[in-house]
Amino acid sequence: MSAKAAAGQATPQATPTDRTERPERPEQPEQAGLRHTLKRRHMQLIALGGVIGAGLFVGSGVVVRSTGPAAVLSFLAAGTLTVLIMRMLAEMTVARPAQGSFYAHVRESLGPRAGFAVGWLYWYFFVIVVAVEAVAGGRIIQLWLPDAPLWAISLVLMALLTATNMVSARSYGEFEYWFSSVKVLAIVVFLFLGALYVLGLWPHAHGGLELLTSHGGFAPKGLGAVLTAVVPCIGFFTGAEIVTIAAAESVEPERAVADAIRSIVLRVVAFYVLSVFLVVAVVPWTSKAIEVSPYAAVLDRLAVPAAGTVMNAVVLVAVLSCLNSALYTSSRMLFALTRNGDAPRGMSKVSASGVPRRALLAGTSVGYLSVIAAWVSPDVVFAFLINSYGAIALFVYLAIAVAQLRMRRTLEATEPDRLTLKMWLFPWLSRLTVALLALVILTMAVLPTTRPQFWLSLLTVAVVLTAYEVRRRGTRDVARP
């Protein structure tokens, strides 16, 4: 319910935060003022590229070095949990297409407070991602332009991709189509070359899988390290849900989401599990080169010319893709928040081409400030920002899972015909997913390396919930006669 509607009520008991109020049905995307300009090919590549970020090409090496060859199991476990979450989200999205996707679903199923929190947390997550990716892209470009200041390169990257997003959703989709195409092609080529080496078909290659056990065994750091590594691995998969947000601007929203979710198992297995398996099968996991850039280490082992330059270019494309998606996603989430009065109405203005430009510029502005913080105070302010969003995605995923449990019951009772794509083995697998997510979050609170992220992310949650209470009380005061 919007703030304007709430203001027309006669008593505080009728405010949007009352527990007895039935949350509004999510607004259908065709009513939201956006344009259906994303074609099927855009959606397919947005889905494919959503889980391929710089974390795969660089961050996966840190997991391998801390776990050993058994890192493959860590990625498999994290990927499986991601698949379950996405299946739950797809069930809700196909049954109830809505602008803002899971923000609307959580608001309907768990109430206005939970919806407000999930929407703003997700927005905050991606505006920080904007800054992180802009800085990462700047550092890569500095390898070729060492005299250029990092802050200037980062701001230029943000300005360029903001400009493309300002044009139209199709402009975003077109850029993401080609960014994702490069990433997918890079992974496919890597898998092909790695397979040739392991099979002994590459020049001067001995082949075989002896490296999986020849340096301390398959799990040299123990089972505990394998389970611990699941936490950062889940972070690498963040972004798989973007396709459900973009669906609101697709010509075939329900079909786009259904197709994307049905193919997510293949994407998880091929892009992460198989590629990491080839990394530890071709290069000893003890190699320091793996920690720096695991894929470049493999290409070096295969004596591929200019392997480092090639991988730097691929990582730059991955970074630009994440930056492009972060700008798009943050703007659409902020726009969705305005539909229920959870964000200033001024952010709901849409251009003639269907772009919420004010919402886009709001996220870009925060990104600019964060990049400046990375330059002025990298060890204090920017470090705080990085840690304050580290667990946010997990909190959002947990809310999605709980919302699916409730919405499924409602749909079965009122609109069973809408359940054309269902969560497997409901309700048991849904409950298991909730339990596993809670376990991962608790693990973050215990592990020394992730504890700062957990507590500062919890502080972010507290700030958002406080903002909701301030808004609620303000709305209640206006509603009083």
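Author: A word on annotations comes first. UniProt positions are given in the numbering used here, and annotations may be inferred rather than shown by experiment. With that in mind, the unreviewed UniProt entry lists residues 42-471 as "domain: Amino acid permease/ SLC12A". The model is a predicted one. In it, residues 42-471 are 74% helix and 0% strand. The end C-alpha atoms of that span lie 38 Å apart.

Now the salt bridges. The structure holds 16 of them. Side chains of opposite charge can pair when their charged atoms come close.

Start with D259 and R40. Their side chains meet in a salt bridge, at 3.4 Å from N to O. D259 lies in helix α12 and R40 in helix α2, so the pair ties together parts that are 219 residues apart in sequence. D259 is partly exposed, with a relative accessible area of 27%. R40 is partly exposed too, at 37%.

Next, D342 and R471. Their closest N and O atoms are 3.2 Å apart. D342 sits in the loop between α16 and α17, while R471 belongs to helix α21, so this pair ties together parts 129 residues apart in sequence. Both residues are buried.

Helix α21 holds another pair, E469 and R472. Here the closest N and O atoms are 2.8 Å apart. The two are three residues apart, or about one helical turn. An α-helix has 3.6 residues a turn, so residues three or four places apart point the same way. E469 is partly exposed, with a relative accessible area of 21%. R472 counts as buried, at 16%, because the cut-off for buried is under 20%.

Some bridges share partners. Through them, R40, E252, R255 and D259 join into one network.

Of the 10 residues lining the largest cavity, the closest to its centre are T93, P97, A98, A247 and P253. By class, the lining has seven nonpolar, two polar and one charged residues.

How values were computed
Residues numbered from 1 in each chain as written. Predicted model: local features only at pLDDT ≥ 70, side-chain atom pairs only at ≥ 80, totals over all residues. Heavy atoms only, no water. 1 Å grid on protein atoms, 1.4 Å probe; cavity = no way out; pocket = protein on both sides within 12 Å on 5 of 7 lines; lining within 4 Å. Nonpolar A, V, L, I, M, F, W, Y, C, P; charged D, E, K, R; others polar. Helix = DSSP H or I, 4+ residues; strand = E, 2+ residues; numbered from the N terminus. Salt bridge = Lys/Arg side-chain N within 4 Å of Asp/Glu carboxyl O. Buried < 20%, exposed > 50% of the residue type's maximum accessible area, 1.4 Å probe, protein only.
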